[in-house]
Amino acid sequence: MLSRDVGEADGSGARVVRPKSADPTDPELHPERVDDTLVDPVDGAPRGTLMEAAEDPLIGRRVGNRYLVESVIADGGMGRVYLATDPERGRVALKTLIPQYSVDRDLVRRFRREVTTLQEAQCPHVVAMYEWGELPDGRAFFVMEYVDGVSLSDELETLDGPMDPRRALRITLQLCAALVPAHALGIVHRDLKPDNLMLCRIDGEEDVVKVLDFGLAKPMGEALGITQPGRLLGTPVYMSPEQCRGKPLDERSDIYSLGVLLYELLCGEPPFIHDQPYAIIKMHVAEAPVAPSRREPRILIPKPLEWMLLCCLH
């Protein structure tokens, strides 16, 4: 159960509270979005339909007598992210649970755990979390730093090939810096992938990395690759072998995922590719990745960098 300070209800009916700590034994679910329909990830049964952004009643309203909601930024597996304006901070991002999931106590706990993780693992390369609370309709929300940039996945699509090794190393080292405080707190991210990383321009510096999503993060020793039989947590292309097996995870799982990311930056594609997710899982478990210099000899990768990459994937 999440321990928190309970705030007073304000004029808008929203309660604003601040997290203290998360219960590492909370169960998790991982709903997915397919087009505009929410489906259960196990049996594929519909669980509701996303409201069109233009019809969203939260747009134009003020949350917590402070945050003016302006537009929808993105929809995810279990939440919607809005652009909002704060009188003190300017533009912020406000994330809410989708109404269909607001009555799911396990999802609410997972949502609040993401808030706590973001707050505890703060560093310049992790998106800043400001506060969280409940909307008048009971939905949980939290407010975080608005990051203006391009996702690493979009950047890779634009490149459509290998990234310059110096740039790839600069991005990877920033991701390492983001993981250090989380690992020091005993937290495993479990879902490192290009979609969760933003490249920003801050104070004239290009390619500043921001880690956005800690929705699958969990304390070491309690973190598993699965939560229920047949229900995987993570993205197969970037999952570690132990995560694929559903074993307990520690920081080494994130290091493996970081290695997959670096491999993709340097080679233009990840080490294991298949159109079936479970085939990729089998590759992670049973096969060793081909060294980038053997996979594509025309790509000039410094030997020490290739050695470091293969150590991550060992």
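A word on the source. This is a predicted model, in which local features need pLDDT of at least 70 and side-chain atom pairs count only at pLDDT 80 or more, while totals for chains, interfaces and linings use all residues. Residues are numbered from 1 along each chain as its sequence is written, and side-chain values use heavy atoms, with hydrogens and water left out.

First, the overview. The protein chain has eight helices and 18 strands. Helices (H or I, at least four residues) and strands (E, at least two) are DSSP runs, numbered from the N terminus. Of the 314 residues, 50% count as buried. Buried means under 20% relative accessible area, exposed means over 50%, and partly exposed lies in between, with a 1.4 Å probe and protein chains only. The chain exposes about 14700 Å², and carbon and sulfur atoms supply 52% of that. Those areas come from the Shrake-Rupley method with a 1.4 Å probe; for residues, only the protein chains shown count as cover.

Now contacts, meaning heavy atoms within 4.5 Å. Among contacts between residues at least 6 apart in sequence, 60% join residues at least 24 apart.

Next, salt bridges. The rule is a side-chain nitrogen of Lys or Arg within 4 Å of a carboxyl oxygen of Asp or Glu. How many salt bridges does this rule give? The count comes to 17.

Take Arg80 and Asp75: their closest N and O atoms are 2.5 Å apart. Arg80 counts as buried because its relative accessible area is 6%. Asp75, at 25%, counts as partly exposed.

Asp148 and Arg91 also meet in a salt bridge, at 3.9 Å from N to O. This pair links distant parts of the chain, 57 residues apart: Asp148 is in the loop between strand S11 (140–145) and strand S12 (149–151), and Arg91 is in strand S9 (residues 90–97). Arg91 is partly exposed, at 47% relative accessibility.

On to the surface patch. Which residues gather in a patch of negative charge? They are Asp154, Glu157, Asp160 and Asp195. Patches are made of residues with over 30% relative accessible area and no salt bridge; like charges are joined within 9 Å, and nonpolar side chains (Val, Leu, Ile, Met, Phe, Trp, Tyr) within 5 Å. Lys and Arg count as positive, Asp and Glu as negative, and His and the chain ends are not counted. The place of a charge is taken as NZ of Lys, CZ of Arg, CG of Asp or CD of Glu. One member, Asp160, sits in the loop between helix H2 (152–159) and helix H3 (165–184). Asp160 is exposed, at 69%.

Last, the backbone angles. Most residues other than glycine have a negative phi. Asp203 is not a glycine, yet has a positive phi of about 50°. Asp203 lies in the loop between strand S14 (197–202) and strand S15 (205–211), and is exposed, at 81%. Asp207, also not a glycine, has a positive phi of about 55°. Asp207 is in strand S15 and counts as buried, at 10% relative accessibility.

That is all I have.
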